[in-house]
Amino acid sequence: MEVGSSTVAYASGKVILFGEHAVVYGQPAIAIPVTQVKAQARVEAGSESQGITIIAADLGQSYSLEQAPPDDALLAIVVSTLEHIGVEKKQETFATLSPGLTITVSSTIPMARGLGSGAAVSTAIVRALGKHFENRMSPQAISNLVYETEKIHHGTPSGIDNTVIAFEKPVYFIKNQKVKIFSVKRPFLLAIADTGIASPTRIVVSDVCRAWEREREKYEEMFDEIGTITEMGRQAIERGEIETMGQLMNENHRLLQLIGVSSPELEGLVEAARQGGAMGAKLSGAGRGGNIIALVTQETRSRVEMMLRLAGAKDVIVTEVG
Ligand code: PMV
């Protein structure tokens, strides 16, 4: 480690195309990276300092290892990464690490909107520490480390966020199975529109879990249907059948409504996108708030974007997939 050196790394956001919620119950889901929004982590080694300091620039917070609460997600990822790299064996010795490390994080990914902000910040930290200590980590190793901190954010995460963000590729994901990276035959455009409402994934996921416990059969049927849609979605993407994809997005949204994770604001944006000419639209991520995604073309994108903004979207990003 070089004193006075500074290393920067980034990680993209993500959206789920198909399969959210059902993925927690063992069904497949498809997610893609969104490179227009990013988390950044900078690691600096200072000769004057000792121990570890974390600066969360967007929140205006700065704290040392000893000051952090035990469930602090930033601290958790820093400690587990340093242990993984083998910088020190035990967390207690990090307090006297010399030269000290300052880790500054910032992000343009809105928090709690289904864009993977927590996993992206953690991934940027792992990458920056890996670069700093010249330790090459595979995307799977990065994903595994980030998954542990996702539990702090999400409770019982399926692992899709850390996987798509660490691999930076479209992924077909089934919990506890080796991830499949798949090819996109014909690139397509997605408009991602933000309700502006923060919706913690942990709460929505536990509400769905309670509903499933009350009506197991009904919920499992819906999860199965979503699984089938996701599988068909993958085939449509691999074959370049974009219109089919749009229909499948609409179908997936209908099932998410039935599961109980939509909201008036999400409905308003989905409706606006369809009226604007989108080939399909659905909520994306945990639901209740956060984002919707709409399948658009070069011809429809500006009209859809206008309709989304008129319907109250706080932000609209158009991203190309493939
Ligand atoms: O982080 P979000 O809001 O994109 O939600 C993750 C998707 C869920 O399927 C609802 C939860 C999970 O862990 O997969």
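Residues are numbered from 1 along each chain as its sequence is written, and side-chain values use heavy atoms, with hydrogens and water left out. Because the model is predicted, local features need pLDDT of at least 70 and side-chain atom pairs count only at pLDDT 80 or more, while totals for chains, interfaces and linings use all residues.

Let's start with the sheet. Four strands make up an open sheet, in the order β9-β10-β8-β11, with antiparallel pairing. Strands here are DSSP runs of E with at least two residues, helices are runs of H or I with at least four, and both are numbered from the N terminus; two strands pair if DSSP finds at least two bridges between them. The edges belong to β9 (280–284) and β11 (315–321), and each has a single partner strand, so one side of each is left without a neighbour in the sheet. On average, neighbouring strands of this sheet are turned by 25° against each other, direction ignored. Seven bridges link β8 (residues 188–194) to β11 in the antiparallel sense, and one of the pairs puts D194 together with D315 of β11. Helix α9 (residues 301–310) packs on the sheet, where it touches β8, β10 (291–296) and β11; contact means heavy atoms within 4.5 Å. The direction of α9 makes about 150° with that of β11. For such angles, axes are lines fitted to C-alpha atoms, for helices over the stretch in contact, and the values run from 0 to 180 degrees between N-to-C directions.

Next comes helix α6 (residues 216–239). Its 24 residues reach 35 Å from the first C-alpha to the last, close to the expected 34 Å, where the expected span is 1.5 Å times one less than the number of residues. Buried residues in α6 include Y219, M222, F223, I226 and I237; buried means under 20% relative accessible area, exposed over 50% and partly exposed in between, using a 1.4 Å probe and protein chains only. An α-helix has 3.6 residues a turn, so residues three or four places apart point the same way. Just after α6, G240 takes a positive phi of about 75°.

A positive phi also turns up in a hairpin. Strands β3 (residues 52–56) and β4 (residues 61–64) pair in the antiparallel sense over four bridges, with A56 opposite Q61. Four residues sit between these strands, and G60 has a positive phi near 65°.

S12 is buried, at a relative accessible area of 1%, and I16 counts as buried at 5%. The side chains of S12 and K38 are joined by a polar contact of 3.5 Å; such a contact is a pair of N or O atoms within 3.5 Å, and within protein one must be able to donate a hydrogen and the other to accept it, while residues adjacent in sequence count only if both atoms are side-chain atoms. Beyond four places in sequence, S12 is in contact with residues including V34, I109 and E168. For I16, the partners beyond four places include I30, K282 and I293. I16 and P170 are 154 residues apart in sequence, yet their C-alpha atoms are 9.7 Å apart in space.

Finally, there's the ligand, surrounded by 16 residues, each with a heavy atom within 4 Å of it. The closest are K14, H21, S158, D161 and T201. A polar side-chain atom of S158 lies 2.5 Å from a ligand oxygen, a polar backbone atom of H21 is 2.8 Å from one, and a side-chain N or O atom of D161 is 3.0 Å from one.
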